[in-house]
Structures are given as C-alpha cells and as structure tokens.
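Here is a briefing on one protein model.

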Amino acid sequence: MDHVIPIAKPEVLYALQAKGLVPTEFDIAGFENLLPSANFQNQGKSAKLMQESALLYYLELARQKKPKIIDRLAARLKSNDEIKTYLSLKAASEKNDVSPEEMVAVFAHQFDGTVTLRITPEIEGEQTATANSSIAAVLMDKQFALGRGTVSEVILHSSNGDSVTCKTSNEFINAQELGYFAQTQTEMKIASMANETTEALRAIRDSSFAEESALREPIVKLKHFDRWSADWVTEGLFEPEDVEEAAGLLTIADVINAGICEVESLEDHEVRFIVHNGLDVMMRESMRADLDGDRWEEILVFHYLSAARAGGSFGAGQAVMAKVGDDGLLHMRAYPPSAEDEASAC
C-alpha cells in the first residue's frame, strides 16, 4: 500500500485543508490516504508529489474504498488495535527501513506469542526460525547440537574440583545456578555456544510482547552505531591510553570516529569489529521482546570477545540484554535479569 499524500510531507495536507479541499479530520496515516500499489511503483513514487488535481482524484478513490476496506479487515484482523499497529508500522517504513517481514514478526508476537529468532538454536534435529513459549520450553530439554552439530555436550566445573556434563539447555542452566563454570579455553568456547542457544530459548519462554518501544519507529538496528553505547566495543581494551580516551566517548560511532576500532563486517543482524589494542568484538541479535517485564522492548544480543586476530586463543561470549537508558542509548545489561532488576522494572 502507498500513501497518496506522502507521510513525510504533511505540509501538502495542510495546504489542501487551507483551501477546503480536504476535511480537517483527515488522517494522513489512515485508509483515506492509502491505496494499493505495486512494489516498484511504490518505490518509484517515494515522497514525490503529484499535481493537485491528481492528488484529489486519488484521494477521492481512497475515500470511496475506505468503508469496504475496513469491513474486510475487521473480518480478518483480531482488533482495531492491530489495524492501528499496521498503519503506524507502515508510516515507520517510509521513514526508515522497516520491512514487511519485520511487520509480520511484530504481529505474530503480539497476537500469537510467536517470536522471530535471528539465530537458529543449535538443538538436535531442530531448525527453528520462530517459536512461542511452549515450543521453547520443549526445545530446552532437547540435546545440544553445537558447532553445527559437532558438539553435543558442555563440561563445566565447580570450585571444589567436581565436574558436570550438560547435554540440554535446562541442564546447562541448572549447572550454572549451582556455580559451575567453564575452565579451559575449549570449554569456554563451547559454553559460549551453549549460552547463545540457551538464552535465546529462555527469552522466548519467559518474555512477553513489548507494549512500548523506543526501537520500532524508526527501527533501530545494529548498524545504527549512534544508538549503541561505547561499552559494547570498549570492554576488551587493554592499552591505558585507549581506555582513557574511550572514557569520554558515548557511542560506538564515537569510538569508530576516534580510530579505536573499525568495522570488519556488517550484516542486518550481525556486526564484527576490529578493536585496535584490544579484544575484537562480534555482536549478533537473537530476538526482540520485553525481556525484563517493564513493558518496554529490549534486544537480546550475543556478545563475543576474541583474541584470534592477534594470534591468541581466547574467545568467549554470552547473551546480554540491550536496553535503552535515560540517555536514549542501548546499554549492556545482564540477561536473565536479577530478581532485583525485575522488581525495579515492574
């Protein structure tokens, strides 16, 4: 669908209203301003303006079709709230880069509890792209298939010298709650893979749809470095002068501009940074939801630090929560949140 009067140019609406050609209650994001459009035509039109006579012709078409559209949608959609949500996302898509797939994902989570996973949980015999709470609970008792199926168990140790073998996400969670930890570098890498899968499934099982969001309109992605706090890439710095310089930087964009790190690769849901004089960083988005019970949307991110580029063997990561702070930036927060964090969120 396309807006007849471009959403980005409300001044056109005001001019038509001033002439008495459009009613004062006209909703620029409503059905009276929407018509079906082929994808290439929509992209071609973008925010370009038509002559006034053409605008009025298409606005009259939209006005005539509005009652029938509402009747048809009312029979298919579960509530007027969903219609409003669609229209708000449609407007957001014109301001930024919300895709139809992302719109569908929001609807599925809101009404069916189904969450779109950005990663495929490494569970034996399962290739899961979406899941709801009950499916996630079942998968947490499925055997690991980490490293693309090459590793089926995780070995953890206690401070007393005991060891335990974890073959499922629930076993992994139980061992960690008892204080068991990975000891060798190989165990740490395997435990990192288990952590990413486990926390993605736990988040689906325990999270809820976020009624409020500072990340949807316009959508915030990993590539928007000016919205992510600097600590995502400066945590592994070890040169004193770099640590001191980074202390005054607020965002990832600031750190990049200062020459402390650079982007190695960038995809929609994964970004890798080369950090000079520090550990390289990989960030991979797992899912989005209300992860801590405060009604606001957070992002579950797998955060991995590595010394491989510098010839070292160290590599370890964990799933953390990206949460919008008072400064409007996404900061690192522990996941799952502690009982105190959840209580304060509520």
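Which residues are buried in helix H8 (residues 169–177)? They are Ser-169, Phe-172, Ile-173 and Ala-175. Buried means under 20% relative accessible area, exposed means over 50%, and partly exposed lies in between (1.4 Å probe, protein chains only).

The model is predicted: local features need pLDDT of at least 70, side-chain atom pairs count only at pLDDT 80 or more, and totals for chains, interfaces and linings use all residues. Residues are numbered from 1 along each chain as its sequence is written, and side-chain values use heavy atoms, with hydrogens and water left out.

**Helix H8**
- The buried residues Ser-169, Phe-172, Ile-173 and Ala-175 sit on the same side of H8, because they cover an arc of only 165° around the axis. The arc is taken from the directions that run from the helix axis to the C-beta atoms.
- Cover for the buried residues of H8 includes strand E5 (154–157), strand E6 (163–166) and helix H9 (185–206).

**Whole chain**
- The protein chain holds 13 helices and 12 strands. Both are DSSP runs numbered from the N terminus: helices are H or I with at least four residues, strands are E with at least two.
- Of the 346 residues in the protein chain, 45% are buried.
- Among contacts with a separation of 6 or more, 56% join residues 24 or more positions apart. A contact means heavy atoms within 4.5 Å.
- The accessible surface of the protein chain is about 17,800 Å², and carbon and sulfur atoms hold 50% of that. Areas come from the Shrake-Rupley method with a 1.4 Å probe; for residues, only the protein chains shown count as cover.

**Thr-234**
- Thr-234 belongs to helix H10 (residues 231–234). Its relative accessibility is 16%, so Thr-234 counts as buried.
- A polar atom of the Thr-234 side chain lies 3.2 Å from the backbone oxygen of Ala-230.
- With neighbours within four places in sequence set aside, Thr-234 is in contact with Ala-246 and Val-255.

**Salt bridges**
- Side chains of opposite charge can pair when their charged atoms come close.
- The whole structure contains 16 salt bridges. Each is a side-chain nitrogen of Lys or Arg within 4 Å of a carboxyl oxygen of Asp or Glu.
- Glu-285 and Arg-118 form a salt bridge through their side chains, at 3.3 Å from N to O. This pair links distant parts of the chain, 167 residues apart. Glu-285 is in strand E9 (residues 280–289), while Arg-118 is in the loop between strand E3 (115–116) and strand E4 (130–131).
- Glu-285 is buried at 2% relative accessible area, whereas Arg-118 is partly exposed at 28%.
- Glu-285 also forms a salt bridge with Arg-288, with the closest N and O atoms 2.9 Å apart. Arg-288 counts as buried, at 14% relative accessibility.
- Arg-272 and Glu-270 form a salt bridge whose closest N and O atoms are 3.0 Å apart. Arg-272 is partly exposed, with a relative accessible area of 34%; Glu-270 is buried, at 13%.

Conventions
Polar contact = N/O pair within 3.5 Å; in protein donor to acceptor, adjacent residues only side chain to side chain.
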